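This report describes selected strands, a helix and a sheet in the structure shown below.

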Amino acid sequence: MLSPLAAAALVVAVSASAEVPRPVLLKNVRLAAAADAPSASILVRDGRILRVETSDLAAPVDARTIDGKGALVLPAFLDAYSFTGCATPEPKPERDKPRSTSTDVLVDMREANRKGIQPAFHAADAFAPDDKLEDWRKHGFGALLSAPHGQILSGVSALAITRDVAPRDALLRASVFDHAGFDATGPGYPGTPMGSIAQLRQFLLDASRHRELVLRRAAGKPGERAPFDADLEAAQDLLARRRTVCAEAEDADDIDRFVKLGDEHGFALAIAGGREAWRRAPLLAERKIPVILTLDWGDEADDPDGKDAKKKKKPAAEDAPWTYDEPLASRQEKRRQWVEARDGAKVLSTAGVAIAFGTGKEGPKELLERVRKLVEAGLPRDVALRALTEGAAGILGVAPALGRVAAGSDATFALWTKDPLVDKEAQVAWLFVDGHALELETKKKGSEAAPAEGVDATGTWALDYDAPQASDGEAELRMEKDGKVEGTLRGKSPDGSALEVKVSGRLSEKTLRVSGDTTIAGRSVELVLEGEIDGDTWKGTLTVPRADVLSFTAQRAPKEDHR
């Protein structure tokens, strides 16, 4: 086990505040997807990447060392448009005092009709992801945009990290986009796209008038006093282009409508959803309007001309005397439309449009599956990766801090067992967010496989740790025929007294993994030993949460034949 010196360092690490990330030296990782990519080292301190080298780095005395075991390092993904963590309230429609219909004839709409209008709402004030972010973490996402939605002006989105922390600690940017659409909840006006456009236009005109009243009053010019109106005040940021309007628009016609509204009222524009954005690729590229694609193409239409086309079996007459066979031309057209929607990201990228990906109402698993489908269909991998990392960071206004693995950037990245953009079996082994390291459980292929022939874990193993501060230990193990292993790990506790930890695990082929819980500094911690058995030698690592990962070599005592 650990010497008193190493154990003391462990006590400090375990008892330290979780909000202060410990310096980390990450060794034996790949910065490129190629299997033969050179090994690299990354030094993290104070939440930032201090050094990235393709050679070994010496570990600072206060740093934790983690062996990446050849994992692929990628910038943590950014979900550029998500409904997670933000329950959008319904706007209060009437903000003025109604006129008396018995004393006046109403010939126009009420002055403060705010049906579907609430730009003063901030997702940052309501951000509450609960435990939902675990799914984002295990799929390699370090941040997400929590966006209000479902209204003509839904409010202002916030960018938050995916760590399990209080909302005040999670928010990277409290104000990112003003979110717009052509929907409004509740019956009655506006009720239609034309009505929504009129409602939005009227509000923006009211906001412009509000600005003029405030300026005239401040300059001492004659004119009425502007009312206190939080929504009209909030709209000044989008009219002055201090914030971009992110418009939810799937159809090409809706994109045209928002572009015209932006020209009319002078606001900057981004598009979210964008299923038909590819139809307006030249316009979007010319105007430098970014698109956040949610990759919602609908159910995949069967390819009637493909090699895997399904052959429909006609039922027996007695079971179904009549069936409808959809015409070939109809099935081909459905397939063509679906493929066009799927390949929209490639069209936009080729045209020079800045793109990012967002989950919208879906989850990170579905988003990554669709990104892999894009790569399979011909979207260059580097384009897909950029849309999840550096490109998304630029659109969200957090580049170059996020979206890249380089000295000076935030230490927000993931270690993957395989390339997640091409291999559905890829898993996140470690996720770093703001320098905080989180180890995730990975399911290794063949983890339930039987022990290899002639390999047995039974015996007393003398553990020799490859670290000057660590002393020897011992593991006494017993293995069943199915590979299940139980036993005792012995060593020294932090005060130098004898320590025994009950461990259990299994031998899968030649890989032995056992773990057990013990208490250090009043906290329960898990000790994990994992490595490969070769005869009477067991080589691997000892992992202790928030402490160093120590390499070890164990020799089995030659008391009996264990084969």
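## Basis and terms

Two strands are said to pair if DSSP finds at least two bridges between them. Helices (H or I, at least four residues) and strands (E, at least two) are DSSP runs, numbered from the N terminus. The model is predicted: local features need pLDDT of at least 70, side-chain atom pairs count only at pLDDT 80 or more, and totals for chains, interfaces and linings use all residues. Residues are numbered from 1 along each chain as its sequence is written, and side-chain values use heavy atoms, with hydrogens and water left out.

## Strand β15 and its partners

Strand β4 (residues 64–75) and β15 run antiparallel and are joined by four bridges. Within β15, W416 is the bridge partner of L72. Four bridges also join β15 to strand β16 (residues 428–433), again in the antiparallel sense; here W430 of β16 is the bridge partner of L415.

In a regular strand the side chains alternate between the two faces of the sheet. In β15 (residues 413–416), F413 and L415 point one way, while A414 and W416 point the other way. All four are buried, that is, under 20% relative accessible area, with exposed meaning over 50% and partly exposed in between (1.4 Å probe, protein chains only).

## Helix α6

Helix α6 (residues 230–239) is largely enclosed by the rest of the structure, because seven of its ten residues are buried. These are D231, L232, A234, A235, Q236, L238 and L239. The buried residues pack against β10 (177–180), α5 (193–218), β11 (244–249) and α7 (252–265), where contact means heavy atoms within 4.5 Å.

At the N-terminal end, D229 caps α6, with a side-chain oxygen 3.1 Å from the backbone nitrogen of D231. Just after the helix, R241 adopts a positive phi of about 60°.

## The six-stranded sheet

Six strands form an open sheet in the order β7-β10-β11-β12-β13-β14, with mixed pairing. The edges are held by β7 (153–156) and β14 (355–357); each has a single partner strand, so one side of each is left without a neighbour in the sheet. Neighbouring strands are turned by 25° against each other on average, direction ignored; axes are lines fitted to C-alpha atoms, for helices over the stretch in contact, and angles run from 0 to 180 degrees between N-to-C directions.

Four bridges link β10 and β11 in the parallel sense, and A180 stands opposite A247 in β11. Helix α7 packs on this sheet, touching β10, β11 and β12 (269–273), and its direction makes about 155° with that of β11.

How values were computed
Polar contact = N/O pair within 3.5 Å; in protein donor to acceptor, adjacent residues only side chain to side chain.
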